[in-house]
Every structure is written in C-alpha cells, then in structure tokens.
Amino acid sequence: MILVTGGAGYIGSHTVLSLLEADHQVVTLDNLSYGHRQAVLDGHFVEADLQNKEALARLFESFPIEAVIHFAAFCYVGESVTSPRKYFNNNLVNGLNLLDAMLQAGVDKIIFSSSCAVYGEPLEIPIPEPHPKNPINPYGMSKHFFENILSSYNSAYGLRYVSLRYFNAAGADPAGRIGESHDPETHLIPLVLQTALGLRAEVKIYGSNYPTPDGTCIRDYVHVCDLAEAHVLALKYLLSGGKSIFLNLGTGKGHSVREVVESCRQICQKPIPARDVEPRPGDPPELVSSGGLAQQVLVWRPQYSLKEIISSAWNWHQNPKF
Ligand code: UFG
C-alpha cells in the first residue's frame, strides 16, 4: 500500500491514477483545503491534515504502508513571500509530522515533491542537479530545507528518498477524467485557455525585455502524466533498493511565453488577446532542466510535446469535472 499525501491536488491526483493503473494499492490523505475529492478516482481516501498527529498515527496503524509519496504542501510562490509563516508551517512543520509518523511506523521510503525553485536564479542553463541551491522565496526555501531534512534523516535513520524537482507541470489526463483546477489560478497555460474560453478578457505577458530570443520568459513545460509516471518509476527504484537521490523532472526543452500563447491560439482556434505588461517580480528569464539524470536513473522518457500538453489541457478546460 502506498500513501499519497496531497493526492487530491493537481500532480497528486494524476499520480494516484498512474499508481492505480500500475496495480498499486493506494491510500490518499488530503485535507481538501485546495484539493478536490472528485479528483481522487479510486483507492482509499482519508480526509485529514498533517497537523493532526493522532490521525497520522492511526493511518499508519490502519494500512500496511510500504512507502509514501508526499505532495501535500502550499505552492504559490507570491503568497509565500507575503505569508511565509503559512508556508514554513505547512511545508516544513507538517512535513516533519509526516516523517515522525513514518519513523514511528518503520516506513523508510519517501518520494518528495520538490521544485526547480530550489535553484533560485540559475547560473547555467540547462540546470543540472548539482547546481547551487539559492532559493529566492520562502516557497523555494521550504522545498530546499525539506530536502536537507531528508538527507539528514537518510544518514541518521536510514530513510531513503527520491526528491523530484519539478519544472513547469502542465496538461491534463488525456481521457479528460481529471485536470488542473487551482483557485486562485496563477499558471500560464490555464490562464491562456480560460482567456480562450472567454472567462478572462486577456492574457498579461509578464515582461517582454528579458534576454531571450523574443524577450519573454522561457520555461520547461512537462506534462503532468509524464510527471505522474516518474513517481511510479521512482517508487519502483526505491522498492528495488535504489539509493537516495535528487532528480530534475523536465524535458530539457524550453518554450517562451509568446510561443505558449501562440500554440494555444493554434490549438484552440481562437484569437486570445494578449498584452505585454511589467515583469512579475522574482521570475528568472529562463528555467530549463538538464533532464538527463532522471532519464538515466529511472529510465523515464517524457512522452508529451508542448502541443500535446496544451491539447490535453484544452480538452479539460472545455469540460472540467471540478
Ligand atoms: N506568465 C505570464 N502571464 C501570466 C502567468 C504567467 O506571462 O498570467 C509567465 C510567467 O511570468 C513565467 C511563465 O509565464 O515566465 C510561467 O509562469 P507560471 O506561473 O505558469 O509558472 P512559474 O514558472 O512561475 O512557476 C513554476 C511552478 C512553481 C515553481 C516555479 C519555480 O509553478 O511551483 O516554477 O520558479 F516554484
């Protein structure tokens, strides 16, 4: 049985689906503060908060948990700057409660949702895993601190981990069963598609004078189903005795904001008004993963192109289930 914390969230729910399709038994824990109960399509579901140590202990007593995939965390970079307490309390203190419950129950394998935000302003592109970690916001700091905690617990208590540093997750289940539904929505692709649907007046392009070929920021967009598959492979790696490791999850290919908007126009066959505005504070010009290590260690091959990412997201946004 695999425990998935935050399994009702965007990447979590797609991972639960991939685990079930790979014949794993799953128990999802989520407090539903941001997640959606309908996003968890099958398996056991427990509504609880990681703050609740008794509920955690009961969970580990009730299910024969072999390994944990830990998604439950807050993920808005901007909010983390204005409410760092909220981020450090949930992403660190509550995460420590989970690790305590695991150690207490003798569970020694964890896959952690980390982020390319641990690197801060990149010193080289593409970004390799050993790149210095200089996070520039409390969200990125919380991910970096938790990675350090995992390293210490590995040395002291033999807790093995795979820490997955996601680049820009996007897209949706191609069958349209689940997809991205954030409130508030801050991510580029959903905002562009909501504009295509007439739910927003225009797309704001944050910054057009960056040192990139078209002046807009470049990001490494990776399909959420490719990310989900990487978790299944990371689990296989840990269950077969693999050593603790940090891995980037990106495709190694970058796309500019303008390119994304233009691809959305072609796929949706809608004009999608867009306007250049001031840069958003804290956005690095380019974030692209070096990508190779996860491909080598997990034998992970991202399958989906930017067009397929946008098409699957468009399919979802036209008919969201939650
Ligand atoms: N963007 C716009 N207009 C918008 C929204 C976004 O131009 O309305 C631009 C951003 O400036 C950025 C790109 O589109 O250049 C992508 O922005 P997102 O908000 O979709 O994603 P980020 O790259 O900011 O964030 C991602 C993850 C975070 C992670 C961060 C690391 O979602 O969890 O990368 O910096 F922390």
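The questions below cover aromatic pairs, charges over rings and a helix crossing.

Colleague: How many aromatic pairs does the count come to?
Modeller: Keep in mind that this is a predicted model. Rings pair if their centres lie within 6.5 Å. By this rule, the number of aromatic pairs is eight.

Colleague: Are the planes of Trp316 and Phe322 stacked, edge-to-face or tilted?
Modeller: The ring centres of Trp316 and Phe322 are 5.0 Å apart. Stacked needs planes under 30 degrees apart, and edge-to-face needs over 60. The planes of Trp316 and Phe322 stand at 55 degrees, so this pair is tilted.

Colleague: Are Trp316 and Phe322 buried or exposed?
Modeller: Buried means under 20% relative accessible area. Trp316 and Phe322 are both buried.

Colleague: Which ring does Lys86 lie over?
Modeller: Start with the aromatic cluster: Tyr34, Phe74, Tyr76 and Tyr87 form one. Lys86 lies over a ring face, 4.7 Å from the ring centre. That ring belongs to Phe74.

Colleague: How far is the charged end of Arg37 from the ring centre of Phe45?
Modeller: A charge sits over a ring only if CZ of Arg is within 6 Å of the centre, among other criteria. The charged end of Arg37 does sit over the Phe45 ring. Its distance from the ring centre is 4.2 Å.

Colleague: What is the handedness of the crossing of H6 and H8?
Modeller: The axes of H6 (residues 188-196) and H8 (residues 257-268) come within 10 Å and cross at roughly 40 degrees. That angle makes H6 oblique to H8. Residues in contact include Leu188 and Val192 of H6, and Val260 and Cys264 of H8. The crossing is right-handed.

Definitions and conventions
Residues are numbered from 1 along each chain as its sequence is written. This is a predicted model: local features need pLDDT of at least 70, side-chain atom pairs count only at pLDDT 80 or more; totals for chains, interfaces and linings use all residues. Side-chain values use heavy atoms; hydrogens and water are left out. Rings of Phe, Tyr and Trp (its six-membered ring) pair if their centres lie within 6.5 Å; planes under 30 degrees apart count as stacked, over 60 as edge-to-face and the rest as tilted. Buried means under 20% relative accessible area, exposed over 50%, partly exposed in between (1.4 Å probe, protein chains only). A charge sits over a ring if NZ of Lys or CZ of Arg is within 6 Å of the ring centre and within 35 degrees of the ring normal. Axes are lines fitted to C-alpha atoms, for helices over the stretch in contact, and angles run from 0 to 180 degrees between N-to-C directions. Helices (H or I, at least four residues) and strands (E, at least two) are DSSP runs, numbered from the N terminus. Angles under 35 degrees count as roughly parallel, over 145 as roughly antiparallel, 65 to 115 as roughly perpendicular and the rest as oblique. A crossing is left-handed if the near helix is turned anticlockwise from the far one by less than a right angle, and right-handed if clockwise. Contact means heavy atoms within 4.5 Å.
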